[in-house]
Structure formats: C-alpha cells, structure tokens
Amino acid sequence: MKKPNPALRVGRITLIIAVIVAVYWWSWQITEINPAKLADLYKSRDIIIEFLTPDLFTRDVEPTTIEIPFPIPCGSAPNPEPAASGPRMIPSVPCAASGEDFTLEGFDLTPNVETAIRWTFPDGRLLTAIRTTTDAKGYFSVIVKAKPIAASQDGVASQLAVETFKPVGRLKLSDSVKAVTAAMFVTVFMALFSTSIATVIAAPLSFLAASNIMRHSRIGSLVYYVTRSFFNLVRAYDPLVMATVFGFWLGFGPLPGILALTVVTIASLGKLFSETIEGIDNGPIEAVTATGATRTQNIVYAVIPQIVPDFVSFIIYHWDINVRISTIIGFVGGGGIGYYLNEQINAFHYNQAGTAIWAIVIVVMAMDFLSAEVRKRLT
C-alpha cells in the first residue's frame, strides 16, 4: 500500500485554508462591515435602557398648571408680575423678541415629576414646547424659544404655562400592557388561523407530492412534479413580501397577514408532510396490499396511521413559527403585535416598544416550551 505524501497533504490543507480565508475576506469587503460603528451602541445607551425597561405599571396623575402672560415682542402687551413665593415660574426676561431664547425656571413645584412647558395662545390653542422633570426640590431650568406663533394679538399676550403631573392613587397596569395584550392575542390567533387553514390544504396536497404514492404512472408522475414545483415556488417568497402584496390588495390589517402566512405555510407544511409520507415503513403497505386492498384503502389503513404523529408535530411547530413570523408581518401593516411595535418605535415611545418586545419574548418562549412538550409526547 502506497503511503500518502505528507507534503501533498499539507499543501492540500494549506490550499483549503487559503480558499476559506479568501472567501471570508471577499465577504468582508462586499458587505462593507465597519466594526467602528459598534461604538454607536454606546451612544444609544439611553434608548437601549428604555427598551429594557418596559412600561408595565402606572398611576393616575393630578395635573397642576401655573400660567403667566409673556409678551412677544416686548411692548405688545403688559409685562407680568412674577410671584415671590409658593409654586411659581420665573422667566429670565419679562418679554422677548420673536425667535429669542430665554431661560425659564420653576420653584417649589411638585418634586420629581414630569413637567410640560406649554404656550396658550390668545385664541385658546395650545402648543407644548418642552418636557422636563423637576428635581427633589421641585426646581427646573430650561431654555425656551419665543416662538413667532406665540406673538401677542390685539394687546393680549400668550400665556406661558407650566403643568406638573403628580402621581396619585395605587399602581395599576399601564395602557401599554393592555394594548400589548390585545395585540398579542391578535398575533397568536393570526398564527392559529393561518396554520389551521394551511393544514387543511397542505395535508391532501402532500399525498400528491409523495413519490411513493404518485410515481406509479405517467399521470401520477406529472401530478407529483407539478405539486412539488408549486411547493418550491411558493416557498421561495418570504412571508414579508406576501404580506406586502396582500396588503396592497386588501388594505392593511390582520386579514392580509393571515393570508400571507397561510400561503407560505401551505408550501412549507406540504413539503414536510410529503417527505414524511415518503419516509414511512413499506411493511404495513405490503401487508394491506396482500389482502387485496385498493390504493385508497392502502392510504387510509397503512399510511395515515404512520404519519399522524409527525403531522401533528409539524403543525404545532409551525404554529410556533408563525407566531414569530406574525410579529415581523405586523411591520408592513399585517396587524398584531408587530404593527403596535412599529407604531411605538416610529413615535419614539421606546418604553412602550419595550413592553411589546418583552411580550413577544415571553409568548415565543411559552410557545416553544408548549410545542416541545407536545412533540415529545407524540414521538
């Protein structure tokens, strides 16, 4: 027996390593990976903290409002007389030119509470300028711009208002929790409906895509290849793309999301079901055939009893998968928790978005545990 050449073996291994390194280097160049951008995560630490601190509980608030007239420009209305004691706000100047910045300070207000600085125009309209928080002594200091829209009208100055929100009463579930719970139910039931409809359609089609059932004649082979091609074609489309297409046709909401999931799940379950059928034991089929049973009787008495446990396992597993996919579909208007999450992120409500994210994590973990337990008992 000829001994392998060590130099040739080393050269082959070196070539393989060089090819792998070249592939990864090429991938690095094409994808334009820039590790320096990871530093942006530190800059976004406040947003990340908000995502990690969901809005779970709240309390009723008791608003308190203090107002003073603030002429814009100077001389357009009488200057205010600032209070000397008690809860009060004092601007650094009694009036200002249009577009000018000035400092506004608050004293002896409710400590450690959210505070809104607003303009109340002479015609009664409101405009929130700044939101801040008072310190432990009820003090705040902010820079306010004298907006042109707040200019005095007919000798009447706009009111500069400070509104504090003091929490009162017991803790209760926040509105975010209630909205997230409702949206999560929509997501779970979207996945349930789509999986159920897909199962009803995919189960019979899977027999047409099983070679051991269909490929016994030319017509059967033709049906087999057509059905297989259909499954492969539909599986090539991402659920997000399908949801976008159905959304344009039917408008946004849970219905296009359900239809998108159903179409994709039909193809996926159909492929899994057909492969399960192809992998069955031929012994029972031969035994039933020996009794003179027809093709249909073979399927009913020899095939179906073997595939039911795997079918149920795949169905539950796909329900789990569809719950996760439903979250992404919501980002294109497919309804459910994804739609709520998209709304909160776009509105910069990161605490509320964090509530949705944690709900998704909890439900996905619960679904994964449930499906794993059911599959374990069936196999």
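Quick housekeeping. This is a predicted model, where local features need pLDDT of at least 70 and side-chain atom pairs count only at pLDDT 80 or more, while totals for chains, interfaces and linings use all residues. Residues are numbered from 1 along each chain as its sequence is written, and side-chain values use heavy atoms, with hydrogens and water left out.

Phi of Asp 154 is near 55°, a positive value in a residue other than glycine. Is Asp 154 buried or exposed? At 83% relative accessibility it counts as exposed; the scheme is buried under 20% relative accessible area, exposed over 50%, and partly exposed in between, using a 1.4 Å probe and protein chains only. Asp 108 also has a positive phi, about 55°, and is not a glycine. Asp 108 sits in the loop between strand S3 (101–107) and strand S4 (114–120), and at 44% it is partly exposed.

Pro 73 is in the loop between S1 and strand S2 (88–91).

Now, salt bridges. Side chains of opposite charge can pair when their charged atoms come close. Here that means a side-chain nitrogen of Lys or Arg within 4 Å of a carboxyl oxygen of Asp or Glu. How many salt bridges does the structure hold? There are 9. In one of them, Asp 60 meets Lys 172 at 2.7 Å, N to O. Asp 60 is in strand S1 and Lys 172 in strand S7, so this pair ties together parts that are 112 residues apart in sequence.

Another joins Glu 114 and Arg 131, with the closest N and O atoms 2.9 Å apart. Glu 114 belongs to S4 and Arg 131 to strand S5 (residues 126–133), so the parts being tied together are 17 residues apart in sequence. Then there's Arg 324 with Asp 320, at 3.0 Å, N to O. Both lie in helix H10 (residues 295–329), 4 residues apart, about one turn of the helix. Arg 324 is partly exposed at 35%, whereas Asp 320 is buried at 0%.

On to pockets. On a 1 Å grid over the protein atoms alone, a pocket is an open set of points where a 1.4 Å probe fits, with protein on both sides within 12 Å along at least five of seven lines; lining residues have an atom within 4 Å of a point. The largest pocket holds about 480 Å³ of space, a volume being the space filled by probe spheres set on the points, which are joined across faces, edges and corners. Of its 14 lining residues, the closest to the centre are Asp 55, Thr 58, Arg 59, Val 61 and Glu 114.

Note on methods: Helices (H or I, at least four residues) and strands (E, at least two) are DSSP runs, numbered from the N terminus.
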